[in-house]
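Please read this briefing alongside the sequence and the structure shown below. It is written for someone meeting this structure for the first time.

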Amino acid sequence: MKILVAVKRVVDHAVRVRVRPDRSGVETDNVRMSMNPFDKHAVEAAVALNEAGRADEIVIVSIGPKQANDVILTALAMGAHRGILIEAEGRLETLAVAKLLKAAADEERPDLVLLGKQAVDDDSNHVGQMLAGLLDWPQATFASGIKVVGNGLEVTREVEFGRTTIAIPLPAVVTADLRLNMPRNAGLPMVMRARQKPLTVRSIAEFGVDIAPRLEIERVSPPPEREGGRIVTGVSELAAAITAELSQLETL
Amino acid sequence: MAVLVLAEHDLGTLSASTARIVAAAAELGAVDVLVAGEGVDQVTIAAAAIAGVAHVRVAQSAELNGLSAEALTPLLEHLAPDYTHVIAAAASVGRDVIPRLAAKLDLMPVTDVIAILGPNRFERPIYAGNAIETVTSNQPRHLLTIRASAFRPAAQGNAALIEPVDASGVVAVARFVAAHRTEGDLPDLSTAQIVVGGGVSLGSAEKFALVEQLAGKLGAAVGATRAAVDAGYAPNDWQVGQTGKIIAPDLYIAVGISGALQHLAGIQGAKKIIAINSDPEAPLVKLADYALVGDLFEIVPALIAELERLGVKR
């Protein structure tokens, strides 16, 4: 099986972002960047399938600025075989990203495309589903378990009521949730070896994909501030506060 | 022109969020609700009873059981030309199908909408709710997922027209293997008025029952942090946060939760927050309306007893 894994370079999930004073977006200059955490789970799943003898080649693709090389190298250090960077400046909408990944999938012809279920910057949760639609492949989103069964996959998905397990044929698109696995931290030797692995840089223009934005972002605002309250001194005061709140509810 | 709302349902019960999605959709036009699946009579009746619904369109087919994106997408593609907006709850079915449908229709969806400013202007949170994006779409049709917690439910007491939709050509690709449901009769977490949440400091699944006891006393739903779910103390469908459920209860009681950014993303809509925590510096203690600092294993049993003494019953 050949697996294509899409990864995104985002503001590190531990950074508390600030909205720019002109409200054009959030401040991303001089902010720590790293691989989208959900994508790490996708890479780990691919590497685990390779180690289990279920996959023979793992290709990493990322779309972004030159610096997105870093997240591809991280994935190569984790055990992927080669990388493709589709170089793009500025913000791309998820539909444009899905179309670029469709073009990459048409070239690479993988049996499985793995992605994180969402990126922690725009929190869209679109690309895997869009790519599956464009390819006309089945999709299994929010995966917390992947098993190869016969010529297909059994995927356990985290859903509203708990979990559900479905069987889908290949080729397919699977998006990773956080409980899919524990992503490994690649040691220094693996990081050194990753630099020897093939990494192709492609320009976005080569793909001939319409990337014009469809949505206009009017402004980006900070959320309403919450005012901190007070420290109560004991259980009886806390119980009184709760019963006061409850009586307010009754009157609604 | 009208708007179409996709109904989410499970085990023959309409999702509690539907009345809220209908209320939001009614800001955009006359509302039709699509009910898809087999054995959906009760779901259809419940949808028709929501105020503001004009028609309930019913697509009966076993292929639509499980509401898979592969089966729903062609059905929605077929219905979309009749509508200005196609809307689903920002929950597992809507999140799964709306982007796939969007790609098929070559449209950019707007998802996790928390405010409707006009027919084509919406607000949605980004960066785990640390920023709010105001977007305008000049596309011919709008595909949305809406956060139920951001809207009040529509009233009950309607008898919308029910009409069948042809679903004979629909084919499911995914085959159902198994479902793992969390047992219990707790209120629906996404729409609950009161939620009691527990963190990893509870220490074990057995001790997490303390959170459930307090919730039971208050008629509340139970939530959990990602760390508590990862540790196996609580089922995954209790997770509240950036990647779990988004809640907006009137009262949120956080037990042993320090307040990671990703958890705070899920509770920003809570009207009042109470924190019980041993660390006075915990972010959640600082932003709570009321906080009690101390050992939760002493405080929570004493609180349950005190509420008992005060005769609190819900």
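The points below take up a sheet that draws on two chains, and then a strand of chain B with its partners. The model is a predicted one, and what is said here should be read with that in mind.

**A sheet with strands from chains A and B**

- An open sheet is made of 4 strands in the order β12(A)-β10(B)-β9(B)-β8(B), and the pairing within this sheet is antiparallel.

**Strand β6 of chain B and its partners**

- In β6 of chain B (residues 83-89), 6 of the 7 residues are buried, and the strand is therefore largely enclosed by the rest of the structure.
- Strand β1 of chain B (residues 2-6) runs parallel to β6(B) and is joined to it by 4 bridges, with B:V5 standing opposite B:I87 of β6(B).
- Strand β11 of chain B (residues 142-146) also pairs with β6(B) in the parallel sense, over 5 bridges, and the bridge partner of B:A88 in β11(B) is B:T145.

**Background on pairing**

- Strands of a sheet pair through backbone hydrogen bonds, in either a parallel or an antiparallel way.

Note on methods. Residues are numbered from 1 along each chain as its sequence is written. Chains are lettered from A and ligands numbered from 1 in the order in which they are written. This is a predicted model: local features need pLDDT of at least 70, side-chain atom pairs count only at pLDDT 80 or more; totals for chains, interfaces and linings use all residues. Two strands pair if DSSP finds at least two bridges between them. A residue is buried if 20 or more other C-beta atoms lie within 10 Å of its own, exposed if 12 or fewer, and partly exposed in between; C-beta atoms are placed from the backbone.
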